[in-house]
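Visitor: I have the sequence and the coordinates open, and I would like to be walked through them by question and answer. Where shall we begin?

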Amino acid sequence: MKSFAAGFCLFCFAFSSALADPKIPQGQLDFFEKKIRPVLVENCYSCHSKDEKIKGGLRLDSKDATLMGGDTGPAIEPGEPGSSLLVEAIEWGNDDLQMPPKHKLKPNEIADLKRWIQMGAPDPRTGGSKAGTVTKSEIDYEKGREHWIYQPVKKPAGAKKLDEVVLAKLKAEGLEPVGIAEPEKLVRRLYFDLIGLPPSPPQANAFFADVKKLGREKAVAKLTDQLLNSPHFGERWGRHWLDVVRYAESNGMERNFLYPKAWKYRDYVIASFNNDKPFDQFAKEQIAGDFTNSDEAKIATGFLAIGPKMLNERDKEVFGYEVIDEQIDATSRAFLGLTVSCARCHDHKFDAISQADYYKLAGIFRSTTTHFGTKAGGGNRQASTLMAVGENAEKKAAAWKEYNQKLAQANKVAKQRQGKVNGTKKRLAALKKQKKPPAQISKMEAEMAELTKEMKASNNRIDFLKKNRPPVPDYAMGVTDREKPVDSPLLIRGNPETKAEVVPRGIPAVFEPVTGLPKIAPDASGRLELANWIADGKNPLTARVMANRIWTHLLGDGIVPTVDNFGESGQAPSNVELLDFLAASFMESGWSVKNLIREIVTSDAYQRSSGHHEKNYEIDPDNRFVWRQSLRRLDAESIRDSILTFAGELDPSPRDGSVVDQMGDRNFGRDKKATELLRKGIGTTHRSVYLPIIRNATPTGLKIFDFAESSLIVGKRNETNVPSQALFMMNSGFITNNSKKIAERVCGTDGKVRKQNELIWRGFQLVLGRSPSEEETARAAQLIASHENPDDGLITFCQALISSAEFRYLN
Amino acid sequence: MKTHECSQIYSPGLTRRDCLSGVSAGFGYAAFSALAAQQAQAYQNPLAPKSPHFPGTAKRVIFACMRGGPSHVDTFDFKPQLAKNDGKTVKGKGNRKLKKSPWGFKKHGESGLPISALFPQLAKHADDLCLLNGMYANTPAHPQAFVQLHTGSFQFVRPSLGAWSLYGLGTENENLPGFITLAPPDRVGGAQNYGSAFLPALYQGTKIGDYGQSVKETGIANLKNNRLDKKQQRAQLDFLQSMNRDMLEQQQKSSRIEGVIESYELAFRMQAEMPDVMNLNDEPKKIQEMYGIGKGGKVDSFGRQCLMARRFAEAGVRFIELSHGSWDQHNGLSKNLTANCRSVDQPLAALLADLKQRDMLKDTLVIWGGEFGRTPHVKRDDGRDHNATGFSFWMAGGGVKGGMRYGATDENGIAAVENRTSFHDFHATILHTLGLDHEKLTYRYAGRDFRLTDVHGEVMRDILI
């Protein structure tokens, strides 16, 4: 259907009310009852009445509702049949608007309706309009609650270990678990999974020694603890979370304005994982950290500010609702695995979330101010402030503001004075040239002296101000409450121009008997209540969703494969007992992410081989029940960071800030300096998590290997195998350069001359963590021999190793 | 994603070999003897040709995108009344005065299609052109309208038209990318305009060249090895693939490892084929001249894009987008619009003629237009402003009727009034020519099925043969 008014409502409510005339002449009334009402009831009510459907937001069953109209404006203009949409529709003149859709009204019926409108549309029908036009919700909450997610988390009775739960399911499905993977595979798996970097040959050897000495279980536990304590742990697991929260450093729409302070949120996330911040607290801080006095928690609310934004939008209200929608979407999917924003324009098609439920949450975020910064102008019509953070943040910010105002004023004065000086100077020169009387000249000279003095005073003032410049305050992105909370009206079809009843702030009703619903005081936005409700142990989703995310990163697939959607349209859990076991353990441990990871990686389920098993494969080809470990591809960051590690190039220290901060507040697309800085920023050898992530300009080397699309919530990345990846490995400058460096490292820096076979062996050890077979050694030797210069051959060989599927996959 | 049984493949372009490659002609095991469960797991190249929903009339699309909003009343929307109303004030438009087109329109071809004097070459193809005179966009702002033109939505990040086409049909030549965009603008949405959003990444467009620069010296990323010759690289690949095959044997039944192996072979072939396809020097001098190559300046530049497009089309690329701009003539209309039209007229005419002489126009849909049009009423004497309420596109070939005008603006060319065509309708129609039902071409993401046309879109059936 073409939208003939593109969602722009033309009606004016006051105007239509003013037309209400209680006294209708009898003749007109009769005409209405005989000619109009039956036609409407017969032909229109089935789709346009309170008791049936309200299609297009239009009701034709009361006077007010008819005057108010639907999504595209008032149905009739009393007295003006020619400009009434209703007439346009029933005449079938417009291909896009033909009503009733299945049959055209009879000519006399059309004539009557036109005549009636001509009369001024006399209409005795009451029944209201405004509140009544709320799309009638057909959500059956009772039934909706039968969905498994609304049942409380229940730890399977008697189960003490994760493996018991997994094995019980395998048995029930007639599957046999495969054996445990070899230590060479385990050590790679643990290093990559926990810190995203490969084990060096000595690190791998230390593990093998421990396996011999302590046995596999204890050796794995020891290594796990060691890796969980590495600062690289937060860099890896923080990045997983940054995928979920669509982290990026620009607004990423048609015009791309930078978020120079977004990196503070990035660093907050990395630190939180490194410190094993309890996940409930982590959640609370991100949604409502501004209610505390802690800067860290305030920075956490950057979560709500870093989303993509349509800064070019002219209409403030439209923009506001876009931001709200984005916040609802991010919050509900990241923490609850619920696609609440599907209910923005209509009731959720699958889940028990009504449109009113959506606007309950919308009110909470409408009562929130989002500080995302960005430079105004140049197409940015919606710039905002940032939050001052750090010691004495507010004082500093105030002083800074005052300083800038004073400086601007002083500069303005100086400019004016300079203008005068220049002008006088010119005039003086002219006087002298024209040989005017000395009196006139000396008068002007005196004037000039005075002006010069003033100018000097101005410059002194500027110098003084600059010398006494207050410290630059520190800023971050985030949210704060508005002074007064405000509910949101329900927007028919999500359109701010068609407002219906006001919905009080709150939590979706489906949760009422499950968690109880928090009370939101009249003077509270409700955001804190929302945060506490999400982080409450009674919430059946928060722990399950996060436990499932963690499982996904370690086993390849989620127990619920649709990791960001636990609703009816998501996939069912393959083993709900297992999910509940994990969620319950997670909460019991005080929401410790590290603890849950430890529990999983020390299990047999995690440590199994990824090998094939014919019988199992026939029953469960997708490994839904985890009879083996999955073959998993390294993510884009691990590929880059490993190659830099092999080459001896990786700078393991965290990068201070972000190159985007250096670029400053600007529109990225239009700036050469920024582009140059970006190039340099991408060229650094810090870990990938510190690379600049500007929307629509993510580093190619990451993008090629399915880096998360930074405008979307990505709980699970794509995993593609495309020729552009192969071309990157075969021909890119990054790979060629690093292959050379890897070859140098394989040769060794100790000056020892090594035989070719030893070099081949060292290459395998460095990149793949294993020894080559005799056949592989022979093939490698053949490859090297195909080059005139064996050094060149060695580079080609090293490049092949990092290009191999074996390097790229964890098996 | 749907998998199609071979017997269901309908598209006349598909051979049995194409068909097999869609099911896995894998290195690991014989796919046809496998159990159903194994088939589900078998490696399927997601770019392998897929059967359309119904027989399409177009196999491929060439979209010449004119960034900036070309003036419709000066090019393809003949408004005789506007000339008569020249100088009159328009109510409700800030009392601006109507400005007639400084260029004359003449009737061309058997159909007598009126085309402006700005397009003398293209006018010779009048009987192949279907002028869409009733287009409208939802906003007169460049970035939004441009993104909406490409993805259907300016509010959300959505897959682009080319990505949807590739997702729907796969590609006919697996040695080349299936969706290529030549010199697209970095601004006005940048990569979003050829992105895949939530669709798998391999459906995104491959960008060749930079906006505003000639594609003469440009290439695709990482296509050339500066260190190894072909023989050495093949030796490297043989070693690498032997390792990969060992791993495949070890893992068994791994579509992932098969995918890696195939991606290297494809890449290796792409290295060979891509530069060849892009090498315009292969073309006879006569053809190059026909496209305006050698004429210098912008004619040469756009001529190269058009000729490259034809070569890509011939080689089996599904969706090719060309870029030209800017058409944003707030000032200097007479000079700049003349220059713009001059730089695209000959190349576009050559493209149509060339496709025709190769019998490819019948199944290649060629599209021309920009994000909106320009106002017939003006503030300045020699410039027109943004007009989203009515403007024009044209299509040719691919099963679209020639020599017709579809839709119309009001007498002055301000707003579309007849057969009003939104970008959704436009998208629905393009997909339709490819044999894709825009309501059925869906992708499940975040719990719901998304389509290019959201809940809108109506196919312009009247323009289809």
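Visitor: In which loop of chain A is the place of Asn696(A)?

Guide: This is a predicted model, so what follows is read from computed coordinates. Helix α28 of chain A covers residues 672-682 and helix α29 of chain A covers 700-704. The place of Asn696(A) is in the loop between α28 and α29 of chain A.

Visitor: What is the phi of Asn696(A), and is the residue buried or exposed?

Guide: Most residues other than glycine have a negative phi. Asn696(A) is not a glycine, and yet its phi is positive, about 65°. A residue counts as buried if 20 or more other C-beta atoms lie within 10 Å of its own, and Asn696(A) has 24 other C-beta atoms within 10 Å, so it is buried.

Visitor: What is the omega of the cis peptide bond from Gly325(B) to Ser326(B), and where is Ser326(B)?

Guide: Ser326(B) has its place in the loop between β8 and α10 (333-357) of chain B. The peptide bond that leads from Gly325(B) to Ser326(B) is cis, and its omega is near 5°.

Visitor: How are α15 and α16 of chain A set against each other?

Guide: Helix α15 (residues 316-336) and helix α16 (residues 355-366) of chain A have axes 9 Å apart and pack at an angle of about 110°. Angles of 65 to 115 degrees count as roughly perpendicular, and therefore α15(A) is roughly perpendicular to α16(A). The handedness of their crossing is right-handed.

Visitor: Which residues of α15(A) and α16(A) meet, and of what classes are they?

Guide: From α15(A) come Ile324(A), Gln327(A) and Ile328(A), which meet Tyr358(A), Leu361(A), Ala362(A), Phe365(A) and Arg366(A) of α16(A). By class, this contact has six nonpolar, one polar and one charged residues.

Visitor: How do α6 and α7 of chain B run relative to each other?

Guide: The axes of α6 (residues 230-251) and α7 (residues 255-278) of chain B come within 9 Å and cross at roughly 160°. Angles over 145 degrees count as roughly antiparallel, so α6(B) and α7(B) are roughly antiparallel to each other. Their crossing is left-handed.

Visitor: What classes of residue make up the contact of α6(B) with α7(B)?

Guide: Among the residues that α6(B) brings are Leu237(B), Leu240(B) and Leu248(B), and those of α7(B) include Ile257(B), Ile261(B) and Phe268(B). The residues of this contact divide into nine nonpolar, three polar and two charged.

Visitor: Why is α5 of chain B described as largely enclosed, and what does it pack against?

Guide: Nine of the nine residues of α5 (residues 161-169) of chain B are buried, so this helix is largely enclosed by the rest of the structure. Trp164(B) and Tyr167(B) are among these buried residues, and α5(B) is followed by Gly170(B), whose phi is positive, near 70°. The elements of chain B against which the buried residues pack are β1 (60-67), α4 (142-151), β6 (179-182), β8 (319-325), α11 (423-433) and β17 (442-445).

Visitor: What share of chain B is buried?

Guide: Chain B has eleven helices and 18 strands. Of its contacts between residues at least 6 apart in sequence, 74% join residues at least 24 apart. The buried share of the 465 residues in chain B is 59%.

Visitor: Which helix gives the largest share of the side of chain A that touches chain B?

Guide: The contact takes 60 residues from chain A and 60 residues from chain B. Several helices of chain A each supply at least two residues of its side, including α25 (614-619), α33 (774-785) and α34 (790-803). The largest share, seven residues, comes from α30(A).

Methods. Residues are numbered from 1 along each chain as its sequence is written. Chains are lettered from A and ligands numbered from 1 in the order in which they are written. This is a predicted model: local features need pLDDT of at least 70, side-chain atom pairs count only at pLDDT 80 or more; totals for chains, interfaces and linings use all residues. Helices (H or I, at least four residues) and strands (E, at least two) are DSSP runs, numbered from the N terminus. A residue is buried if 20 or more other C-beta atoms lie within 10 Å of its own, exposed if 12 or fewer, and partly exposed in between; C-beta atoms are placed from the backbone. Two residues are in contact if their C-beta atoms, placed from the backbone, lie within 7 Å. Axes are lines fitted to C-alpha atoms, for helices over the stretch in contact, and angles run from 0 to 180 degrees between N-to-C directions. Angles under 35 degrees count as roughly parallel, over 145 as roughly antiparallel, 65 to 115 as roughly perpendicular and the rest as oblique. A crossing is left-handed if the near helix is turned anticlockwise from the far one by less than a right angle, and right-handed if clockwise. Ala, Val, Leu, Ile, Met, Phe, Trp, Tyr, Cys and Pro count as nonpolar, Asp, Glu, Lys and Arg as charged, and the others, Gly among them, as polar.
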